[in-house]
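Morning. I have one structure to go through, and I will keep to side-chain packing and pairing. Please have the sequence and the model open.

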Amino acid sequence: MSATSSTLLKTIPIFPRDDVIAVLREDLLRAVRRRYRRKGLPLPKDDADIVLLTIEIDSLTVVEILAGLDDVLPFKVTECVVKAGGYKSIAGALDHLASRIEKKWDKFQGLSK
């Protein structure tokens, strides 16, 4: 590779998966705790237990928390990444959302069409 062609290589940032998951996890935990507190329902004290708990998380709740990613990503994440009908657990939501958002990241970075 010549010096000229090596200077033309574009450095593409790596998808900040851990940061995306951390933001979504905290916002989902907050939303679930708020809903359970409002209904007077008990929840495990440990966050890890809540993440794995089988619970209904509606898609509107998930769409509302996407704005939390504005400080992490260089583009707006829209409702198209959210599964219609919602999710059965925070863990399931995180897996699905991270994969869909990564695809949007790749497209934004020009890595896929």
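Predicted model: local features only at pLDDT ≥ 70, side-chain atom pairs only at ≥ 80, totals over all residues.

Start with the core. The largest nonpolar core has 28 residues. Leu 24, Leu 73, Ile 90, Leu 97 and Ile 101 are the ones with the most contacts inside it. The largest share is from α5, with seven residues.

Now take Ile 101 as an example. Leaving out residues up to four places away in sequence, Ile 101 touches Phe 15, Val 20, Leu 24, Leu 69, Leu 73, Phe 75, Val 77 and Val 81.

Two of those contacts, Phe 15 and Phe 75, bring me to the rings. Over the whole structure, the search gives three aromatic pairs. One is Phe 75 with Phe 108, a tilted pair with 5.1 Å between centres and 35° between the planes. Phe 75 sits in the loop between α4 and α5, and Phe 108 in helix α5, so this pair ties together parts 33 residues apart in sequence.

Next, charges. The count is six salt bridges, and I will show three of them.

In one, Glu 102 meets Arg 17, at 3.0 Å from N to O. Glu 102 belongs to helix α5 and Arg 17 to helix α2, so the bridge ties together parts 85 residues apart in sequence. Both side chains' residues are partly exposed: Glu 102 at 29% and Arg 17 at 31%.

Another bridge is between Arg 33 and Asp 47, with the closest N and O atoms 2.1 Å apart. Here helix α2 holds Arg 33 and helix α3 holds Asp 47, so the parts tied together are 14 residues apart in sequence. Arg 33 is partly exposed, with a relative accessible area of 27%, and Asp 47 is partly exposed at 24%.

The last one I will show is Lys 76 with Asp 70, where the closest N and O atoms are 3.0 Å apart. Lys 76 is exposed, at 60% relative accessibility, while Asp 70 is partly exposed, at 31%.

That is what I have. Questions, please.

Notes: Residues numbered from 1 in each chain as written. Heavy atoms only, no water. Core = buried A, V, L, I, M, F, W, Y, C linked by side-chain atoms within 4.5 Å. Buried < 20%, exposed > 50% of the residue type's maximum accessible area, 1.4 Å probe, protein only. Helix = DSSP H or I, 4+ residues; strand = E, 2+ residues; numbered from the N terminus. Contact = heavy atoms within 4.5 Å. Phe/Tyr/Trp six-rings, centres within 6.5 Å; stacked < 30°, edge-to-face > 60°. Salt bridge = Lys/Arg side-chain N within 4 Å of Asp/Glu carboxyl O.
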